[in-house]
Amino acid sequence: LLSNKAILSNMTSKQIVQAFEQYQKSRTHFVQTVAELASRPQNIETLQNAGVLQLLRPLLLDVVPNIQQTAALALGRLANHNDDLAEAVVKGDILPQLVYSLAEQNRYYKKAAAFVLRAVAKHSPELAQAVVDCGALDSLVICLEEFDPGVKESAAWALGYVARHSGELAQAVVDAGSIQLLVLCLQEPEVSLKRIAASALSDIAKHSPELAQTVVDAGAIAHLAQLVGSNDAKLKRQLFSAFSQIAKHTVELAEMVVEAEIFPKVLTSLTDSDEYVKKNMATLIREIVKHSPELAQLIINAGGVAALVDYIGSSRGNTCLPGVMALGYIAAHSETLAMAVIISKGAVQLAVTLAEEREDHVLAATVWSLGQVGRHSPEHAKGVATTNVLPKLLKLFVDPKSSEDLQIKSKKALKYILSNCVHMPALEPLLHEAPPTILKHVVGQFAKVLPHDTEARRLFVTSGGLKRIQEIQAEPGSGLQEHILTINSCFSEEIVRYYSPGYSEKLLESVERFKPSVVH
């Protein structure tokens, strides 16, 4: 009898163990399947409709670590997909659970939990604030001190995603004590960790001079500068982005970047095979040269203008935009710097870009830069006008399809260049095509040149310029009329009358009225 009871008891124990084992296998299979399904966008809506978040939440506290980690991974993938699911994670009170476990669990769970926090924070300032409100920043900063580089990387990534949205959120990341630890991450051997740390520092520095100064005070510039020789394209993208976000705010911060002695070495990155490396490098130059003539001169001395011209020539669309603007900023500072742009074929390249680009915002930047190059003196205006851009600028100004910004910038550029241009061949096409708002500036330039140049007066007549002047209907007493009178005074009354509208008809009438004297 006792033997039978023992057998029965043993069988019951096995059944209980089997039941629990089966339950564990089912939970494991469930979270693994959901995590796999959540990696494919087409499954997200179905998973959401099935109430997957409510089913995953209790599994974050499962007694089996692997189930906890996989549940967190599945949640991260879901939250990463769209802001509705990220918001559902917040409303489901899942974040406090994750933050609590960050301090308690193993490295695998910490990476998965940091991934969820990052996936939530990335969508909007409000969701990033929810991550801050649940106390996640302190736990993430502690993770930056972990031995495992993967945990550090996940934490740095999450902190960067919080910081990128606003100055207030970036300040919260700074106040949590992250900066010094992120700078230490730059010194770690793992390239992926260096990338994420540089990215996070960039996201912090971009918001204000004060936040950028905080990054600088932690010694970030020197450690970033040590990495510019890397062959890793993704790392270089983040390095140049971080330098740009620091340099853009003030002259002093830009000077600190330059003092790191990264120029001229980094200029080779303008020819990098990676589009983002090239663009971020051009952006860095733009953010430096915009501040002062001295900084612009330093870039010129390093060979920066010629490198920018080549870069613009090999780029299209948004990629060439920072290079185009950099040339404009350099030229805007002084006559000497603008002439350096012309000598380096910058005006020629900008003219090519103006002819080839189709997007209005790129055209607007190109037009602005051309105006900055040509506005200083007749020599500068000639350097721009001889590239044959004036008709194109006029076309963009009058084209109803041009954006308002492009039209305004085209008009300003035309005025800047025309007010200095005394190169007659470039002006003459505008005499026949320009609307009244531009025509007065064109005629004004002829009125400046013709009284002092005999050859110009002869060419003005033979090219049809004088005839066109007589056809212009100017309001009495206007500036345009004064310019016309000045031009007419450069020629004899007979010539002016000859080219006036209707003069040929008057001549024919006089022929008809003429009574010849016939001598018999």
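Student: Is lysine 91 buried or exposed in this predicted model?

Tutor: The model is predicted, so local features require pLDDT of at least 70 and side-chain atom pairs pLDDT 80 or more, while totals for chains, interfaces and linings use all residues. Residues are numbered from 1 along each chain as its sequence is written, and side-chain values use heavy atoms, leaving out hydrogens and water. Buried means under 20% relative accessible area, exposed over 50%, and partly exposed in between (1.4 Å probe, protein chains only). Because its relative accessibility is 63%, lysine 91 counts as exposed.

Student: Which residue meets lysine 91 in a salt bridge?

Tutor: A salt bridge is a side-chain nitrogen of Lys or Arg within 4 Å of a carboxyl oxygen of Asp or Glu. Helices (H or I, at least four residues) are DSSP runs, numbered from the N terminus. At 3.3 Å, N to O, the partner of lysine 91 is glutamate 87.

Student: Where does aspartate 274, the salt-bridge partner of arginine 237, lie?

Tutor: The side chains of arginine 237 and aspartate 274 meet at 2.8 Å, N to O. This pair links distant parts of the chain, 37 residues apart, with arginine 237 in helix α16 (residues 233-247). Aspartate 274 lies in the loop between α17 (251-258) and α18 (275-289).

Student: Is aspartate 274 buried or exposed?

Tutor: Arginine 237 has a relative accessible area of 23% and is therefore partly exposed. Aspartate 274 has 13% relative accessibility and so counts as buried.

Key:
Helices (H or I, at least four residues) and strands (E, at least two) are DSSP runs, numbered from the N terminus.
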